[in-house]
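Please read the report below alongside the sequence and the coordinates.

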2 protein chains.
Amino acid sequence: MSILQKINAQLDSMAPADRQIGQFIIDNPDQMLRLSSAALAVETGRSQSSVVKFSQKLGYAGYMELKLAVSEAKAQEWTAPAGMIHGTIEIGDSYLVILQKLIGSKQLSMQQTVAVNNEKDIGIALEILRKARRIHMAGVGASSLVARDFAYKLMKLGRNVLHDSDSHVQMANASTLGPDDVLFALSYSGDSIETLRIAELASQRGATVIAVTGLKDNPLSRVANIRLYTFADEERVRSSSITARDAQLTLTDLLFILLIQGQSDAHEYIHNSEVAVSVLKAEHP
Amino acid sequence: MSILQKINAQLDSMAPADRQIGQFIIDNPDQMLRLSSAALAVETGRSQSSVVKFSQKLGYAGYMELKLAVSEAKAQEWTAPAGMIHGTIEIGDSYLVILQKLIGSKQLSMQQTVAVNNEKDIGIALEILRKARRIHMAGVGASSLVARDFAYKLMKLGRNVLHDSDSHVQMANASTLGPDDVLFALSYSGDSIETLRIAELASQRGATVIAVTGLKDNPLSRVANIRLYTFADEERVRSSSITARDAQLTLTDLLFILLIQGQSDAHEYIHNSEVAVSVLKAEHP
DNA sequence: CAGGCATAGAATAATATATTCCTAAATCAA
DNA sequence: TTGATTTAGGAATATATTATTCTATGCCTG
C-alpha cells in the first residue's frame, strides 16, 4: 500500500492539524516534494513542528523520510495510475484518464498474477509439462485464444500439443488422454461447463490436470492436480475480460519462458520456426 | 532515462572525486538515500561540498533534489527491473530476474504503444470503426489471435465483424468488401504476405484500411488509409512474439474501451452477452 | 473543579545543505 | 621552462532545514 493511500485511510482518525497536513499531501504530492517542512507548514497554515510530528506519527524518522516515501509512491503511480486509484472507467473519462486506467489495471493484473503463484507450484507445473508425452489445451471463449497462443508457443519448442477451439473436438481429444499426458485447462471463472467436463474426463483417464483459474474457489481447480492462479483487476475495466485474459497470458508467457530456459535446444527450435515462417513474408519490405 | 543510467553514462568523463561519488551512488542507491551529504562524503572519502557540487553538476538544485531523483529511479526499477536494464532473458537468470524482465518488457511495450499513437489518429480510427457497415479482421499467426480477440469484443457490442483464422477464407471475405466497409489488418512486421494481399484487395475494392503494425516502415502500412502503431520490446524477450502480441492487444483493448465510451447502449449489449454465456456455466460453483 | 492528557504552536537546538574561499595541481601560452 | 590561468576539490562558513523541547490551551474524567 502506498504512503498516499495509507494517509488517506488514516485521515479520519487524525487530529485536525494532522488531517490538514495529510490532506494537502494527498492533494498535492508533487508540490509537497518541493516544499520544506516549514514551507509546507505555511501552505497548510500549520506549524513546522506539526509537519515533522505528522511524519513521525506515520512511522518515519522525520520529514525527509516521508518525502522519500512520497516520491517513491509518486514514481510508482504511473504504474498504477494517478488520482482515482480505484475508479472504474466511467462514461465521462478523458482520453488520458482512460489510458491510465487501462494500462494501470493491465499492469496490476500482471503483477498480481506473478505474485499469487509461488515459485514452487510453477516449478512443479514446469516439470509436468516437460515430462508430458502429450499436452492438451482446454479453454472456451476468451480462454480459448490464450490456450491457442500457448499451444503455438509450445509447438515452436517441438512439444506435442493439441488444441481446437471447438469444445466438442476438445472433448473428443480428451478421451484419448492417458497417464503420461497432461491437460492444461484455462478458465477464469473456473466453472465453464465444457472445460470442467473435459478436465473431469481427463482426470478419470489418469492424465495430470493443470488448472489456471481465478483466485476464488471453483469446480475446475478442485478437479485439478496442479492449481495455478490468475488475478484480474475487474474493478476498473468492468464488463470485459481484458484483464483476465492478460493475466492468463502473463502466466502462460512465464511458463513458456521458463520452459525455454530449461531446454538447451529451445533457441534452435525457435530459430528454425522463424526461418520457416519468413518464407511467407513480402520480399521487398 | 533514469538518473542512475545518466550517472553511469557520464561516469567516464567525470573528475576523480565526482566519479567516486557517482560510482558509490550507482552501486548503493538504497544506502545513498539514507545518507546525508556529509555521511556520503565520509563513505566515499570525499568532502561534503564535493557531494553537493556533484549534485549540481548533474543539473539538480542540490543534494536533496538528487536524492529525490534517485528515489524515483529506484521506485521505477521494479517496473523496469533491477540492474541489467537492457539485458535479454539469459540462460542463467534466476526465477525472480526472469519475472522482472518479463513483466518489465510487457509493461514497456504497453506504455510505449499508447505513447506512439496520438489521440487524433485513434479518434479517426474510432470514427471509421463506428461508421463501418462491416468490419473485416485480417491477421495471420499470432496476429490472428489478436484479430479474433478484437472481433469477439466488437461482436459483443453488436457490430458486424468477420474473422477467420484461415487466410484463404480471409481473402475470399475481403473480395466482398465495399466502400462502406473497413479492413482492420494486424501484422507486427507489416510484411506478412497474406495480410498484405488482403489489404491490397480491400483497398482496390474501396474499403477503408486500418493497419496496425510495428514502427518501422513496411508494405502493409503503406497500403493503409489509417496507420496505427505497436511497440514491442523485442530486446529483452527475444525469440518470441510475446511483447508484439501484448502491444497489439493493448491497442485493440484501447479501441474497444473507447468504442464502449461512445456507444450509449454498449453496456446493455455486453450485459446481454454475459447473461447468454452464463447459461454455459456450472450450476454449483 | 482539579488533574491528567492530548493538541499544537513557539522557541530552540541540532543537523544538514549550500556557498565562499583558498590551495594545490594541472594545463596552457609564450 | 616559466609564469599565468584554469580547474579540482577540500576547509570553513553561512544559510536553511529539520527535530526536540517547552509551554499554553482546551478537553475530558473522576
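The sections below go from the basis of the values to the chain, its cores, its salt bridges and the DNA surface.

## Basis of the model

This is a predicted model, in which local features need pLDDT of at least 70 and side-chain atom pairs count only at pLDDT 80 or more, while totals for chains, interfaces and linings use all residues. Residues are numbered from 1 along each chain as its sequence is written, chains are lettered from A and ligands numbered from 1 in the order in which they are written, and side-chain values use heavy atoms, with hydrogens and water left out.

## Chain A

Chain A contains 14 helices and five strands, taken as DSSP runs numbered from the N terminus (helices H or I of at least four residues, strands E of at least two). Of its 285 residues, 55% count as buried, where buried means under 20% relative accessible area, exposed means over 50%, and partly exposed lies in between (1.4 Å probe, protein chains only).

Among the contacts in chain A with a separation of 6 or more, 65% are made by residues 24 or more positions apart, a contact being heavy atoms within 4.5 Å. The chain exposes about 12,000 Å², of which carbon and sulfur atoms supply 53%; these areas come from the Shrake-Rupley method with a 1.4 Å probe, and for residues only the protein chains shown count as cover.

## Nonpolar cores

A nonpolar core is a set of buried Ala, Val, Leu, Ile, Met, Phe, Trp, Tyr and Cys residues joined through side-chain atoms within 4.5 Å. The largest one has 80 residues, and A:F184 and B:F184 have the most contacts inside it. Leaving aside neighbours within four places in sequence, the residues in contact with B:F184 include B:L129, B:I135, B:M137, B:F150, B:V212 and B:L255. Apart from this core lies another, of 46 residues, among them A:I7, A:F24, A:V70 and B:L58.

## Salt bridges

Counting a side-chain nitrogen of Lys or Arg within 4 Å of a carboxyl oxygen of Asp or Glu, there are 24 salt bridges over all chains. One of them joins B:R245 to A:D253, with the closest N and O atoms 2.5 Å apart. This pair crosses between chains, from helix α13 (residues 242-261) of chain B to helix α13 (residues 242-262) of chain A. B:R245 counts as buried at 3% relative accessibility, and A:D253 is buried with a relative accessible area of 0%. Both residues belong to a network of salt bridges that also links A:D149, A:K153 and B:D246.

Within chain B, B:E200 forms a salt bridge with B:R197, the closest N and O atoms being 3.2 Å apart. Both lie in helix α11 (residues 193-204), three residues apart, about one turn of the helix. B:E200 is partly exposed at 28% relative accessibility, as is B:R197 with a relative accessible area of 38%.

## The surface near DNA strand C

Around DNA strand C there are 18 residues, of which A:S50, A:K53, B:S37, B:Q56 and B:Y63 come nearest; a residue is near the strand if one of its heavy atoms lies within 4 Å of it. Helix α5(B) gives the most to this surface, with five residues.

For B:Q48, a polar side-chain atom lies 2.8 Å from a base nitrogen of DNA strand C.

Terms used: A polar contact is a pair of N or O atoms within 3.5 Å; within protein, one must be able to donate a hydrogen and the other to accept it, and residues adjacent in sequence count only if both atoms are side-chain atoms.
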